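The sequence and the model are shown first.

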Amino acid sequence: MWEDFGFFIPPSFDFDTILATDCYGLHYCRLVTTNLAALPIKEALVRRTIIEDPLCDRCHVALESPLHALWYCNELDTIWEKSAHCRKRREISFLNFKELLSWILTQPTEVELFAMVVWGIWNQRNKVRHNHVAAPLHQIFQISAEKLADFTASQQPAIPMMTRRVSHRTRWQPPLADLVKINFDGAVFSSANAAGIGVVIRDSSGQVLASCSQRLSQAYSSTEVEALAAAKAVSFAAELGITKAVLEGDSLTFIKALSSDHSSLAAFGLIINDIKFSARNFDQLLHSHVKRECNFVAHCLARHEFDISDFLV
Ligand SMILES: [Zn+2]
């Protein structure tokens, strides 16, 4: 069905793994990103001197970039206004579609539905361009939601019961009512001699309170960059006035070292000392280790840093 809808599914795409991790929305977004580079969008076609007119076919005003054609075009209001979070899309500016995806992943919305609607918009655009029968724009959201529901229903019986139990355990869990949860992660880009860190802070209802990401101009070891991400997470939360929190990461080595009463002799020992010192500003700062699948938003923010030059909040 995904191929029918316009997706190129890479050979490595494994729906079972994706469903088991319960984070397949992120994978949908990766598919969108993967396919964006190949989209015959007008901006790219003009650059390659294949066509001359770069304007959007819908509004005839703006340059047709991926971000415009799939998100910002005024003609798409009738679609995105049906989503509570996407309705606010004009209040936030993004430089490119990847930035938009990073933001979508921090929203308490259905990432899978977002990806499906995006491809509904693209599919409809192509049909109109080629004079084929196409659904009217105001029906795209509903059609996409129905296709997603059909697809999800068709997949569920194939998931073994054992996998479903694992799936439940690997879902991100909100903190207790009077706490916030600070998820952090680091990523190393050895070939670029750089690293990235990502932090997302959510309350007990799962609502994102703040997020940030930063590029570091050095390829640290994976545990060192985890430590730097945790230090940024703690200082960022303190700046926001947070006093009761759970600090959650997916590096067992680091969380163990942080939770130990003994000084760490590892290369990141000094950073741990700094974090413990900063923790005195909190009334309560608990530590939690989770599997990587539960830390996907912070992970994505850290990876996102490869594409930006400095610090984003
Ligand atoms: Zn337009």
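A233 touches I182, F184, V199 and L247, not counting residues up to four places away in sequence; two residues are in contact if their C-beta atoms, placed from the backbone, lie within 7 Å. The structure is a predicted model, in which local features need pLDDT of at least 70, side-chain atom pairs count only at pLDDT 80 or more, and totals for chains, interfaces and linings use all residues. Residues are numbered from 1 along each chain as its sequence is written.

## Overall composition

The chain's secondary structure comes to 13 helices and six strands. Helices (H or I, at least four residues) and strands (E, at least two) are DSSP runs, numbered from the N terminus. Of the 313 residues in the chain, 33% are buried. A residue is buried if 20 or more other C-beta atoms lie within 10 Å of its own, exposed if 12 or fewer, and partly exposed in between, with C-beta atoms placed from the backbone. Among contacts between residues at least 6 apart in sequence, 69% join residues at least 24 apart.

In soluble globular proteins, nonpolar side chains tend to be buried together. In this chain the largest nonpolar core has 63 residues, and those with the most contacts inside it are I182, V199, A229, A230 and A233. Helix α7 (residues 111–129) gives the most to this core, with nine residues. Domain 1 (15–168) and domain 2 (180–312) both contribute residues, so the core lies between them. The term nonpolar core denotes a set of buried Ala, Val, Leu, Ile, Met, Phe, Trp, Tyr and Cys residues joined through C-beta atoms within 7 Å. The domain bounds come from an automatic or database domain assignment.

## Packing around helix α10

The axes of helix α10 (residues 222–239) and helix α12 (residues 269–278) come within 9 Å and cross at roughly 20 degrees. Axes are lines fitted to C-alpha atoms, for helices over the stretch in contact, and angles run from 0 to 180 degrees between N-to-C directions. Helices α10 and α12 are therefore roughly parallel to each other; angles under 35 degrees count as roughly parallel, over 145 as roughly antiparallel, 65 to 115 as roughly perpendicular and the rest as oblique. The contact is made by A227, L228, A230, A231, V234, S235 and A238 of α10 and by I271, I272, D274, I275 and S278 of α12. α10 passes α12 in a left-handed crossing, a term used if the near helix is turned anticlockwise from the far one by less than a right angle, with right-handed used if clockwise.

The axes of α10 and helix α11 (residues 252–259) also come within 9 Å, and they cross at roughly 55 degrees. That angle makes α10 oblique to α11. Here the crossing is right-handed. T223, E226, A227 and A230 in α10 meet T253, F254 and L258 in α11.

## The loop between α3 and α4

H60 is found in the loop between α3 (42–47) and α4 (66–72). Phi of H60 is near 55 degrees, a positive value in a residue other than glycine. H60 is exposed, with 10 other C-beta atoms within 10 Å.

D53 is found in this loop between α3 and α4, and with 11 C-beta neighbours inside 10 Å it counts as exposed. D53 and K42 are eleven residues apart in sequence and 7.5 Å apart in space, C-alpha to C-alpha. P54, found in the loop between α3 and α4, is partly exposed, with 16 other C-beta atoms within 10 Å. Leaving aside neighbours within four places in sequence, P54 is in contact with K42, E43, V46, L63 and E64. P54 and I41 are 13 residues apart in sequence, and their C-alpha atoms are 8.9 Å apart.

## Other loop positions

N193 is placed in the loop between β1 (180–189) and β2 (194–202). Phi of N193 is near 50 degrees, a positive value in a residue other than glycine, and N193 is exposed, with 11 other C-beta atoms within 10 Å. Q207 lies in the loop between β2 and β3 (208–216) and is exposed, with 12 other C-beta atoms within 10 Å. The C-alpha atoms of Q207 and P174, 33 residues apart along the chain, are separated by 9.2 Å.

A134 is in the loop between α7 and α8 (140–155). A134 is partly exposed, with 16 other C-beta atoms within 10 Å. Not counting residues up to four places away in sequence, A134 touches Q124, K127 and V128.
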